[in-house]
Amino acid sequence: MEHAPAPLDGNCLAGPLAGFFTADVTVVTGCCRHCGDVAMMGASVVYRHPMGAVARCRACTAVLLVVVEHPDGTRVGMAGLAWWRLPVESGPG
Amino acid sequence: MTAWHTGQVVHTEPLTASARVLTLAVPGFSGAVAGQHVDLRLTAPDGYQAVRSYSLARVGADEVVEIAVDEVPDGEVSPYLVHEARPGDLMEVRGPLGGYFVWRPGDAGPVQLVAGGSGIVPLAAMARARATVTTHGAGLFRLLASVRTHADAFFPDELGQTEGLTTTWLYSRQAPAASSRPPGRLTRYDVETYAFAPDAGAHVYVCGPTGFVETAAALLVDAGHDVARIRTERFGGG
Amino acid sequence: MAVVTRGFGGRRPASERPVPPGQYLTDDFPVLSTGPTPNVDAPTWEMTIRTEAGVEHGWDWAGLQALPAEDVTVDIHCVTRWSKQDTHWRGVPVDALFTEVETAAEFAVAHSFGGYTTNVPLDDLLDGRAWVVSEYEGEPLAPLHGGPVRLLVPHLYLWKSAKWLRGLTLHLDDEPGFWEQHGYHPYGDPWSEQRYA
């Protein structure tokens, strides 16, 4: 029986995006350009395709973010995000 | 934190028939928080590479990475880590990673942990971190851990006597004779009986395979837990 | 540069005949996805070709089955470095869909259910070099591998062989698809190792 690889949580974006931003990307809040859902990137649904990680909106499944680790540098497409907000403090609570 | 560090396996220890703990010495690795993960990159002699993420099983000591790996049948990396890797072997490590699915010793309030299978690993790291907190301010922890059989449980003895932690094992395939709960998947009854009540205001961490995480999160919300306090981590294999 | 991990080989058989540079053989058929698997039933499947002039040509499942199909045995090459030899498919050559299409376009974009896109020069879809396939290894094409119908362009990296095909649009200019917008090569020849733009 074959299965499609199950999507992961946005938590796994931390590795591919480490060093791209000064904040840890998983605790950055983002707004979906397609449906307006507002959530931390760690709560997005990520398909970790070996060509690149595809983060989708947890509400409408639109593509929020694509991260491709090219040999000459990591490339991030963010066309699906209306905005990002940095956290005031990190960690839950 | 962004660079790949070279790690060396220094210790391996069987955990179950299909899982084991690997300890790596990783110069330059520091500051890990419970719940975080690392990316491991393995390179074959012909240049073939594979990258996988593994949760840290324990945090606290710098320059040491401790992970617990469960074999995914037909996987590409996990069978190597469970059966082949041995002390002295080198692999690359990136991390510690992630700030979303974490618990810090300063975080207040009770904590509910819900684990499916090897999803217990980052939750065990949180319980272990909680046990090192000596002040009286730290909230109590509860752990609901779903496993197929007792033989599949990770760290059962330790998690039965960890300071500040109450652990309930839920067996999905076969329960020990002493268990009054019939074997089966996580239910609404389990959540209402063994987890903190919603009005306790616990932060909830759920980790496991995708199907388990989605079922558990839905049961918790149905039982009245605030969705804003629930954090999930689905894991993929290989 | 990279540290070699002793004893790690992945799960790869030895190569018996040449594979493109940087590729490794596999007996598996890895399932890679960028989103949820679209649930498209063959009886309700439809696809269109839309020309640069806006003219649409459409096929439903019965219409596709009515076209002359071929058995195709090809090697496939994924940019994630696995190759698989002697894969067996059955489908309609793309030429058969173009018998009544009038176009001056040099480029096509394949569109999938679920929103995926990829661009291919039109010449690479014609002259018996590409197929619209609905069977793999003698079985109806499984949804995980792009069923009911996917594009098969075996001489290019496999991301060009769009799964869950719902149509082609024709263009005078090359318009990058999903991965091409994120830095993958606009053409993707595995023998020239055209992985990245």
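Keep in mind along the way that the model is predicted.

Stop 1: Select residues 35-179 of chain C. An unreviewed UniProt entry places the feature "domain: Oxidoreductase molybdopterin-binding" on this stretch. Colour residues 35-179 of chain C by secondary structure, and you will find 10% helix and 41% strand.

**Stop 2: an open sheet.** Stay in chain C and pick out the sheet of 5 strands, whose order is 3-2-11-6-7. The sheet is open, and its pairing is mixed. Now highlight strand 3 (56-60) and strand 7 (117-121) of chain C: these stand at the edges and have a single partner strand each, so one side of each lacks a neighbour in the sheet. From one strand to the next, the twist averages 15 degrees.

**Stop 3: a strand pair.** Zoom in on strand 2 (residues 46-50) of chain C beside strand 3 of chain C. The two run antiparallel and are joined by 5 bridges. To see one bridge pair, select C:E46 and its partner C:D60, which lies in strand 3 of chain C.

**Stop 4: where chains A and B touch.** Show chains A and B together. Their contact involves 22 residues of chain A and 24 residues of chain B. On the chain B side, strand 6 (90-97), strand 10 (203-209) and strand 11 (230-235) each supply at least two residues. Which strand of chain B gives the largest share of this side? Strand 11 of chain B does, with 5 residues. Colour the chain B side by class to find 8 nonpolar, 9 polar and 7 charged residues.

Definitions and conventions
Residues are numbered from 1 along each chain as its sequence is written. Chains are lettered from A and ligands numbered from 1 in the order in which they are written. This is a predicted model: local features need pLDDT of at least 70, side-chain atom pairs count only at pLDDT 80 or more; totals for chains, interfaces and linings use all residues. UniProt positions are given in the numbering used here, feature names are shortened, and annotations may be inferred rather than shown by experiment. Helices (H or I, at least four residues) and strands (E, at least two) are DSSP runs, numbered from the N terminus. Two residues are in contact if their C-beta atoms, placed from the backbone, lie within 7 Å. Ala, Val, Leu, Ile, Met, Phe, Trp, Tyr, Cys and Pro count as nonpolar, Asp, Glu, Lys and Arg as charged, and the others, Gly among them, as polar. Two strands pair if DSSP finds at least two bridges between them. Axes are lines fitted to C-alpha atoms, for helices over the stretch in contact, and angles run from 0 to 180 degrees between N-to-C directions.
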